[in-house]
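Here is a friendly tour of one protein model for someone meeting it for the first time. Have a look at the picture, then read on.

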Amino acid sequence: KKHKFWETQPVGQFKDVGDTSLPEGPIEPTTPLSEVKQEPYNLPSLYEWTTCDIDDEDTCTEIYNLLTNNYVEDDENMFRFNYSKEFLRWALRPPGYFKSWHIGVRVKVSKKLVAFITGVPAKIRVRDEVVNMAEINFLCVHKKLRSKRLAPVMIKEITRRVHLENIWQAAYTAGVVLPTPISTCQYWHRSLNPKKLIDVGFSRLGARMTISRTIKLYKLPESTVTPGFRKMELRDVPAVTRLIRNYLSQFVVAPDFDENDVEHWLLPTENVVDSYLVESPETHEVTDFCSFYTLPSSILGNQNYSTLKAAYSYYNVSTQTPLLQLMNDALIVAKRKDYDVFNALDIMQNASFLKELKFGPGDGQLHYYLYNYRIRHTLKPSELGLVLL
Ligand SMILES: COc1cccc(CC(=N)NC(=O)c2cccnc2OC2CCNCC2)c1
């Protein structure tokens, strides 16, 4: 039976879609902390739970190696996400994070790390309600342990540990359809290094196109065009917080960032997240913002290249500079920093620039989910203001 596990969980069920009598909001009431299961769920006897200390170099390396060899691949199994160690330390240690939400599974005898799942706390606004949630990510089971039903018990265990911190909702994404997406987004790619992308099979040469014609098609200027366009600095945190809070207020689901969140998530970190802003040369006001995160992919089985250097559109705000021009400057910066491709979802106002900036549609979809929170109607991607890593 499909979704045997998810039909037991407080998530929107397919049978309930369209039933407008069901109220928007939590599906199950919160439980008194005394009633939350105090002890961990049982794993199959060969395995044991471990709480991963991401600050410990060796543990971080074990997590990096597990994900590098066993995490998400594209539909044609040509690429696999290759999150860096510094990216993982950034992604898993936001303000207020819990080490207990960095959960591993080890083989009892060998102590080999064979599975992983994480949560980080986030304040997410759904319409007018700001809800304390866990953002769940990096669910990974070693290729050799698939179909042992480890994922359901890992999901129940992280749910239990999230409940122990008095948090009752969660947000997550997946490339597969589960009960029930709050929104389904398309991903788009903008070639920056078309020759490499064609060589590794990420892109195909267009009909009646030559390589040199394709290189010319995607060519970008050496320097950005917007006056006052510069890297974000620590001193910009208050202004960027005001700018992004105001911008995100237009979406149905979006993070409720405060200055600490902005400092963690949006201040540039080498090889992890890049962020730029436009400071008006006249008024010195911060009027626009753009950012992308760095998520390389391993290239599986290519003689000439082993890694695809990819930038992923993160949060972008335009109030004075046209979004089209702002994002073109982001492409220019990414090309100058030797990225091969710039990826984006059709969420927020991204659809307004994708085609014009020569993004092509990807061959897959990304589904967004909320745990224990019902949304009355499936959201359009343009109503989503949340980017998960
Ligand atoms: C190019 O290498 C890949 C390696 C693994 C999977 C995919 C396809 C894919 N599944 N892409 C996305 O999910 C995606 C495409 C555009 C923007 N963000 C994305 O996913 C983000 C957000 C969810 N967690 C993974 C990273 C591509």
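Is Lys 123 buried, partly exposed or exposed? At 29% relative accessibility, Lys 123 counts as partly exposed; buried means under 20% relative accessible area, exposed over 50%, and partly exposed in between, using a 1.4 Å probe and protein chains only.

## Before you start

This is a predicted model, so local features need pLDDT of at least 70 and side-chain atom pairs count only at pLDDT 80 or more, while totals for chains, interfaces and linings use all residues. Residues are numbered from 1 along each chain as its sequence is written, and side-chain values use heavy atoms, with hydrogens and water left out.

## The whole chain

The protein chain has nine helices and 17 strands (helices are DSSP runs of H or I with at least four residues, strands are runs of E with at least two, and both are numbered from the N terminus). Its radius of gyration is 21 Å, close to the 21 Å that the globule rule gives for 389 residues, so the chain is as compact as a globular protein of that length. That radius is taken over C-alpha atoms, and the globule rule is 2.2 Å times the number of residues to the power 0.38. Along its principal axes, the C-alpha trace spans about 60 × 50 × 45 Å.

Buried residues make up 54% of the 389 residues. Take the contacts (heavy atoms within 4.5 Å) with a separation of 6 or more: 75% of them are between residues 24 or more positions apart. The accessible surface comes to about 18100 Å², and 51% of that belongs to carbon and sulfur atoms; such areas come from the Shrake-Rupley method with a 1.4 Å probe, and for residues only the protein chains shown count as cover.

The expected span is 1.5 Å times one less than the number of residues. Among the buried residues of α6 are Val 237, Val 240, Leu 243 and Tyr 247. The cover over the buried residues of α6 includes β4 (113-126), α7 (259-266) and β10 (273-279).

Helix α8 (residues 323-336) has 14 residues and reaches 20 Å from its first C-alpha to its last, close to the expected 20 Å. Its buried residues include Leu 323, Leu 326, Met 327, Ala 330 and Val 333. Just after α8 comes Asp 338, with a positive phi of about 70 degrees.

## Salt bridges

What does Lys 123 pair with? Asp 261 forms a salt bridge with Lys 123, and their closest N and O atoms are 3.5 Å apart. This pair links distant parts of the chain, with Asp 261 in helix α7 and Lys 123 in strand β4, 138 residues apart. A salt bridge here is a side-chain nitrogen of Lys or Arg within 4 Å of a carboxyl oxygen of Asp or Glu, and the count comes to 24.

Another one joins Arg 127 to Glu 24, with the closest N and O atoms 2.5 Å apart. Arg 127 lies in the loop between β4 and β5 (129-141) and Glu 24 in the segment before β1, so the pair ties together parts that are 103 residues apart in sequence. Arg 127 is partly exposed at 34% relative accessible area, and Glu 24 is partly exposed at 23%. There is also a network of salt bridges linking Arg 230, Glu 233, Arg 235, Asp 236 and Glu 279.

## Two residues to look up

Asn 343 sits in strand β16 (residues 341-345) and is buried, with a relative accessible area of 6%. Not counting residues up to four places away in sequence, Asn 343 touches several residues, including Trp 188, His 189, Phe 202, Tyr 312 and Phe 359.

Lys 231 belongs to strand β8 (residues 229-231) and is partly exposed, with a relative accessible area of 41%. Lys 231 and Pro 268 are 37 residues apart in sequence, yet their C-alpha atoms are 7.7 Å apart in space. Leaving aside neighbours within four places in sequence, Lys 231 is in contact with Asp 236, Pro 268, Ser 275 and Tyr 276.
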